[in-house]
Number of protein chains: 2
Amino acid sequence: MRKRVSSIKPDQVLGRRGFLKGAGLAAAATAASWSAARAGEPDPAIVKLPDHTRYLGDGVEARPYGKPSKFEAHVVKRDVEWLTVSRQSSVNFTPLHELDGIITPNGLCFERHHAGIAEIDPAQHRLMINGLVDKPLIFTMDDIERFPRENRIYFLECAANSGMEWKGAQLNGCQFTHGMIHTVMYTGVPLKYILEEAGLKTNAKWIMPEGADAAAMTRSIPLEKALKDCMVAFKMNGEALRAEQGYPLRIVVPGWEGNMWVKWLRRIEVGDEPWQGREETSKYTDLLSDGRSRRFTWIMDAKSVVTNPSPQAPLKFKGQNVLTGIAWSGRGAIKRVDVTLDGGRNWRTARIDGPVLPMAATRFYVEFDWQGKELMIQSRAMDETGYVQPTKEELRQVRGTNSVYHNNGIQTWLVRANGETENVEIS
Amino acid sequence: MRKRVSSIKPDQVLGRRGFLKGAGLAAAATAASWSAARAGEPDPAIVKLPDHTRYLGDGVEARPYGKPSKFEAHVVKRDVEWLTVSRQSSVNFTPLHELDGIITPNGLCFERHHAGIAEIDPAQHRLMINGLVDKPLIFTMDDIERFPRENRIYFLECAANSGMEWKGAQLNGCQFTHGMIHTVMYTGVPLKYILEEAGLKTNAKWIMPEGADAAAMTRSIPLEKALKDCMVAFKMNGEALRAEQGYPLRIVVPGWEGNMWVKWLRRIEVGDEPWQGREETSKYTDLLSDGRSRRFTWIMDAKSVVTNPSPQAPLKFKGQNVLTGIAWSGRGAIKRVDVTLDGGRNWRTARIDGPVLPMAATRFYVEFDWQGKELMIQSRAMDETGYVQPTKEELRQVRGTNSVYHNNGIQTWLVRANGETENVEIS
């Protein structure tokens, strides 16, 4: 295990001008072809380009609800069939290597459900508040929408994201190693307004949201968190929640593990102690090497991944390339991301671009020149609390390799001389 | 025409607690029913609720690319058939009354095209830079993606948004009066990097982006704007542009009229004067009452609209209600939004929630108690430059009623005693 924090060399960040100049590029080559064409010697590669100006396309009535171009058909959520016994209690993964910016489009948000996707008619849906409250209440969706709303961009990460990597590099692609995360803008009602409407008893200390699907998912959440920043959300990225994301209502638990963000929310019970349900005892606890388990490990610690290059998105060209990825922390905003191309010998501070929001994905970039040398790429996130993303080895020394959850170790991609990229570990 | 700016009474903003208390609500009623049910007298309205816990839903393989719930089938872009001769040179409208927050999901971004939707294979697409440059260049999509990228949330508004309202209230619904706007996060390359790569001649003063569709759309843009904040974008809300939004490449011209944001971008010519094309002479100029035209009216001035209530989203209940809408300005960030419920006699400052970003939609709310009285609802946006959204009458005094474009006048909705809402004007 190496000390890495001290070896950052920010002066290695490339300048921003003249990227393609003198780097032996397609652009220069095609420009030469274009000049040749202008000189009366047409380049067949250019004159063969399709001429869309000859054809009218579909009109404005064709796509009442739009979908991606047919040339993007490969950009989909994917599941891994052998990973679970049933695909109704399983997971699929966001294609992180196909995305950019910080927003995940609703059609590509990973799914994790325990009894398939409930299809709920919002007119027939109710949210009940019961337990240690002055006045039990049942709300219709219309009632919920009469409370003041807020809009927040948050990441949602499954506690088991990267869970297959505890024993070593397994899955070949950031979609599979890190794709149980998405970031959207939620619109909803601060949970505290709803709890205050019911009135909290003085001994109230915990809440238990419950889902309306066949899993009837429940989790215990401390009241302090519920009152601080939890939301009852009905919209994502402006439109209604998707069925697979809990339509018509889910609880948002910013920065905490995705399993707690109960979907198809139908009830919130208020109590004085945790309920010790299946999902917080048998599951979503972290088995250590001595046989004991960590529990109530709710917060998703700072983490990052390079999404390009990665096994599904190898390097294609020598010369100027853009490395990109996302970083996030359940404890607040990302402060810095460092990237190494040589397995940790040298680090440079990545360029962050786009909104930097607490408990949301943050986009980073490193522009670099590649001349066909083998690379060992890693990224390391630091959040505003000073927490630094650990190596996988550092994590294993404390937590062993029995766990499934909360693997936020540094990911390594090996880029070979031909650009092909693999999931590897540095020992 | 009334003086309105001086009559704001912010003390009329309602407090945020106890919204549903004592307001004669469905919530209280159903809570009573629930209590009755617990006491052994089940309320048929409650016991009839569907029990989703009995049925497994679709698994994770079912929706590789997701779509909205079947219960949201009414939430679509809509066109108005009589508005244009051809639906291939026409427009459809974003259902603003169904949205919240500031992000428009890609499936609901309004469309305006002049020759239908071009379906372009990105592998066959090129961007040419020519004209007053040191070195004409042709880029592949791969080349474009080798430049440093940025991520920005911007609104895009068609200059003709609200264009049917110049002569009076026409269209009954904010989808149709104001739905030629959307706000997404773009990922792309600052245009200045691409122009600098080609090298600008000293007499370069203008650029002309050109589309690859059958309309071969062109517009003249001052070089100063091009170098300041224009982007060549390939992603929206994280994923590839939609075909109807210019896939694989469009130019982003922040704060300026949508017609300039050329889609299916295949060429940028650099010149020393504007090209005076159809779209900046015969169209997208503002005919005044004396027969002269304003031209080069590129900036979209501050504007706002109440999206709920509105004709397609009437008030449903007495008691606590949430009024919401969006405001935006092509000159920067929104500073304040005021709302009146009584046709301008009293104004209150709306609560803004969510990101407040320059040249992006800003979400505002007013929580209010409604007891069935007729309302005349208006919103008025102010931006960071101090510009105040004018009334329609103020606009007409200067601009007449011959124009189609740049109608940013204050919208009035009349809410009747039964909650039904109409598009009206206050004279």
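A residue is taken as buried under 20% relative accessible area, as exposed over 50% and as partly exposed in between, with a 1.4 Å probe and protein chains only. The model is predicted, and local features need pLDDT of at least 70, side-chain atom pairs count only at pLDDT 80 or more, and totals for chains, interfaces and linings use all residues. Residues are numbered from 1 along each chain as its sequence is written, chains are lettered from A and ligands numbered from 1 in the order in which they are written, and side-chain values use heavy atoms, with hydrogens and water left out.

Of the 427 residues in chain A, 62% are buried. The secondary structure of this chain comprises 7 helices and 24 strands, assigned as DSSP runs numbered from the N terminus (helices H or I, at least four residues; strands E, at least two).

One open sheet of chain A contains 5 strands in the order β19-β18-β22-β23-β24, with antiparallel pairing; strands pair if DSSP finds at least two bridges between them. Strands β19 (348-349) and β24 (421-424) of chain A stand at the edges with a single partner strand each, so one side of each lacks a neighbour in the sheet. Strand β23 (residues 412-415) of chain A is joined to β24(A) by 4 bridges in antiparallel orientation, and V415(A) lies opposite T421(A) of β24(A).

Over all chains, 0 disulfides were found, a disulfide being a pair of cysteine sulfur atoms within 2.5 Å. For C158(A), the nearest cysteine sulfur is that of C109(A), 14 Å away. C158(A) is buried, at 4% relative accessibility.
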